[in-house]
Amino acid sequence: MDSPIATSRTRTGISTGLLAVYWLMASEIVIFGGLLVCYLLFRQRNPEWAEFAALTNVHLGALNTFVLLTSSLCVVLAHHAAENKQTDKAFKLLWVTIFGGLIFLCVKSYEYYSKFSHGIDITTNPFWGFYFIATGIHGLHVIAGMVCMAVVSFQAKAGQHLNRVELVGIYWHFVDIVWIFLFPLLYIAK
Amino acid sequence: MSDHDHHGPTNFWSKYVFPLDHKVIAMQYLFTGMFMALVGGFMAYAFRMQLAFPGEAVPGFGTVSPQNYNSLITNHGSIMIFWVAMPVLIAALGNFLIPLMIGCDDMVFPRLNRLSYQVFLLSIVVLFASFFVQGGGFGGAWTSYPPLSNNADYNLTPLGAPLWLLAIALEIVAFLLGGINFITTVMNSRAPGMKMYDIPMVIWMIVIACILFMASVGPLIAGSIMLLFDQTIGTKFFTVEGGDPLLWQHLFWFFGHPEVYVVVLPAMGVVIEIICTFSRKKLFGYKGILYTTFATGILSFFVWAHHQFVSGIDPRMANIFSVTTLLISIPIGEMMFAMIATLYGGAIQLKTPMLWALAFIAEFLLGGVTGIYLGASGTDIYFHDTYFVLAHFHYTFFPIAIIGTFAAVYYWFPKMFGRMMDETLGKIHFWGTIISFNCIFIPLFFLGMAGQHRRIYDYRNFPDLNTPEMQDWRIFATISLICLLVFQLPFLYNFFISMFRGEKAPANPWNSNTLEWLAPSPPPHGNFGPNLPDCYRGPYEYSHPDRKDSDYWPQNEPN
Amino acid sequence: MSGHSTQKYFKVYFALVILFLISYIVPEMMPDNKVMVLLSAFGIAIVKALMVCAYFMHLNTERKFVWYLLISCLTMMYLFYIALVPDIMRKEGHNWKSHIEVVMPENHHGHDDHHGDKHENTEHHEEKN
């Protein structure tokens, strides 16, 4: 399907796709922000949650932080390659990023599994409720990002829509930043 | 650079069922919203009949049990706000007008546009499903406060409650997707030469409404996920045992208050367009209105706890929220004054759209001033949860969702369908609606002042509230509602018959300046043909002294 | 052609990794020092987020409007937090006490040895002033 003329206009100087991704980020900030504000309020009100927080595995959380950070680097390198029309390199780097997301999800799944096997799940108490919701919603965003990157990688390999590599990269950076805040909130603070 | 699509869709499915064209998507939203208005209106009929004639079977519905009553009022409120006001004022009008008024051929993301409507339609399917599951539809009021809303032992709707919440969540997602599309289109795809102050006010209002919506709905989405899990899998976020029910109130109203500005701004934008065209006069204080709207938008985030004055919030917060609430009446008042100043000295043409626009100003004024009593926390202690509140918000919501919508429909009908609506039927519809509307809600102010609580199914259980005088007013209000519903028949007849047999409309029947009147009526695929218009001046250059031979000066004409 | 520009990305990445290691190790080493934990965990998180925004998302070369948009959203969340603090964050005020009894459910703590003896009982009688 061909885009309408409207899509190619750019009165603000920012390309249309980029502008849309920034507005998407703005709306996601208030969604995650709302959730984390609730968590902060409850956390400060219930100091006994510190002992529940002690049960989160800070080492696995740190590993995940490192994995996401590295995958962010890969996706920005993919963008750089796409800008220089190096479509094969962009394709490979995007798939390295997706692989990073996969490692993240595997570590997460292991963490969830270990919690379940100790009898802790989302209904145990509100701290665990927040933990599972926050990491769960974040995980869904990771999966969505991986799917989008897979689709864009094939388009980029064919030399089409190379600007989308940057867009999906920005989304991925946002996902990384959310995790940068989730990590201290859920894992470190005791 | 890919070729632009000049040919458009060719078969019925790709044209009407899975459209990419913004005008068709707008019509999908418009017709769906109108249908939902009939559903919401029917619910109002059923519960008002119960109030006027308690215990008697309602013709067309049956006996209204307490559970039915709660479910009817909950869904009436939710439907009117989320499935009538927002789809018609923002989605339908935004989709139809934005590309036309800024002079481009479509939205920047047509497929995202189509997806928004599909998610919206799904939300309606989920909502209707909630009516037919065991236990029936959710009855915990549109505000859905826990612990009533998260405990099926209290609300008796174990399936209806989560389905209702899911429907709201899907509707919110649909509008977030649509909002990103609208904002990006207006920011980036304007006609060459259309600067910030040349954008028609209705477009500004729709964009600001989308921004307000996007910024306020985040915490509610988070809260809805928490509430949904409370309802379905047994988490305890809003329970008394482990969480805090008051938190939901804050999350809800942090969205709920900006939401009313989300719906009022497009309606005001419509009214502004109409009064400029039909008084042949430039808008008074375009920049003033614009900056006031920004101020209103920002201030609207600081007033939400005025819905919670009696919920046990910290009284120091109640002080602060009282002050901000009273403050926010100032910018709205300023906009009303600007509208009146625009009318002053104009060559007024009382066509049907103009009648609706004038009625908006008058009725919204009543709604606004009655809000003052509610914004002051002292008087609110008495008025909270009485029919005074209900009459206040109907005097604001009805002008927004009904009067504003009719104004827009009558005004842009020629452009949408290429034919004119009948003026006589329009005037009958107008007077019948306005008189009936006032007859319904003025008595409710007095009933509220007399102490009549909201959300009560049968006032015979409250002897103090069941005096013959009060019951007479209830019956009077209900009969007026039936008159209101009957007077919609001329509109429906007019609307559907004129679509096929109305007088053919020229491109610019009202001699208006904005770019949408340049396109043929109705506009074809691509709107303006191969050459999109440029913009040379502001949208309200009526009766300009430099233009001798005409009292209007379209935006696209070079001189 | 991974020339000069990719070098910049690698430099930023190494800085981020070092910051991350500090933010991870310091709280492990001194968990009782609240100030250090806050500074290293959260302070560094803010710095890392800003660096990812500026260099990876190229916001430092993008129009200022985007910064204003994103910072406005964050500010609004902060204001939302402040407005809720008096109501939600505290269990009691000058003239009120929360009667919400927080009951920790039994046997969900698994290997935790604070089994079931953590009941947060707030007072049940009215406090009149």
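In the predicted model, chain A contains 7 helices and 0 strands. Read from one end of the sequence to the other, the pattern of chain A is α-α-α-α-α-α-α. Along the principal axes, the C-alpha atoms of chain A occupy a box of roughly 55 × 35 × 25 Å. Chain A has 190 residues, and 55% of them are buried. Of the contacts in chain A with a separation of 6 or more, 77% join residues 24 or more positions apart.

Within chain A, the packing of two helices was examined. Two packed helices are described by the angle between their axes and the distance between the axes. Helix H2 of chain A covers residues 16-45, and helix H6 of chain A covers residues 126-157. These two helices pack at an angle of about 160°, and their axes are 11 Å apart. Because angles over 145 degrees count as roughly antiparallel, H2(A) is roughly antiparallel to H6(A). The crossing of H2(A) with H6(A) is left-handed. On the side of H2(A), the residues that meet the partner helix are A:Leu35, A:Tyr39 and A:Phe42. On the side of H6(A), they are A:Pro126, A:Phe130, A:Ile133 and A:Ala134. The contact of H2(A) with H6(A) consists of 7 nonpolar residues, with no polar and no charged residues.

Chain A also touches chain B. This contact involves 31 residues of chain A and 40 residues of chain B. On the side of chain A, two or more residues each come from helix H1 (5-8), H2 and H6. H2(A) provides the largest share of that side, 14 residues. By class, the side of chain A that touches chain B has 17 nonpolar, 11 polar and 3 charged residues.

For chain B, the mean pLDDT is 93, and 99% of the residues reach 70 or more. Residues 1-5 of chain B have a pLDDT below 50, and this stretch has 8 contacts in the model beyond near neighbours in sequence. Where pLDDT is low, the predicted coordinates should not be read in detail.

A helix pair was also examined in chain B. Helix H3 (residues 66-101) and helix H13 (residues 387-417) of chain B pack at an angle of about 30°, with a distance of 11 Å between their axes. Since angles under 35 degrees count as roughly parallel, H3(B) is roughly parallel to H13(B). H3(B) passes H13(B) in a left-handed crossing. From H3(B), the contact is made by B:Met80, B:Val84, B:Ala85, B:Val88, B:Leu89, B:Leu93 and B:Phe96. From H13(B), the residues of the contact are B:Ile400, B:Ala401, B:Gly404, B:Thr405, B:Ala408 and B:Met416. By class, the contact of H3(B) with H13(B) has 11 nonpolar, 2 polar and no charged residues.

B:Ala477 lies in helix H15 (residues 468-486) of chain B. B:Ala477 has 21 other C-beta atoms within 10 Å, and because a residue counts as buried at 20 or more, B:Ala477 is buried. Apart from neighbours within four places in sequence, B:Ala477 is in contact with B:Arg48, B:Ile440, B:Pro443 and B:Leu444. B:Asp422 is 55 residues from B:Ala477 along the chain, and the C-alpha atoms of the two are separated by 29 Å.

B:Lys287 is in helix H9 (residues 286-299) of chain B. B:Lys287 has 10 other C-beta atoms within 10 Å, and because a residue counts as exposed at 12 or fewer, B:Lys287 is exposed. The C-alpha atom of B:Lys287 is separated by 20 Å from that of B:Leu327, and these residues are 40 residues apart along the chain.

Technical notes: Residues are numbered from 1 along each chain as its sequence is written. Chains are lettered from A and ligands numbered from 1 in the order in which they are written. This is a predicted model: local features need pLDDT of at least 70, side-chain atom pairs count only at pLDDT 80 or more; totals for chains, interfaces and linings use all residues. Axes are lines fitted to C-alpha atoms, for helices over the stretch in contact, and angles run from 0 to 180 degrees between N-to-C directions. Helices (H or I, at least four residues) and strands (E, at least two) are DSSP runs, numbered from the N terminus. Angles under 35 degrees count as roughly parallel, over 145 as roughly antiparallel, 65 to 115 as roughly perpendicular and the rest as oblique. A crossing is left-handed if the near helix is turned anticlockwise from the far one by less than a right angle, and right-handed if clockwise. Two residues are in contact if their C-beta atoms, placed from the backbone, lie within 7 Å. Ala, Val, Leu, Ile, Met, Phe, Trp, Tyr, Cys and Pro count as nonpolar, Asp, Glu, Lys and Arg as charged, and the others, Gly among them, as polar. pLDDT is the predictor's confidence in each residue, from 0 to 100.
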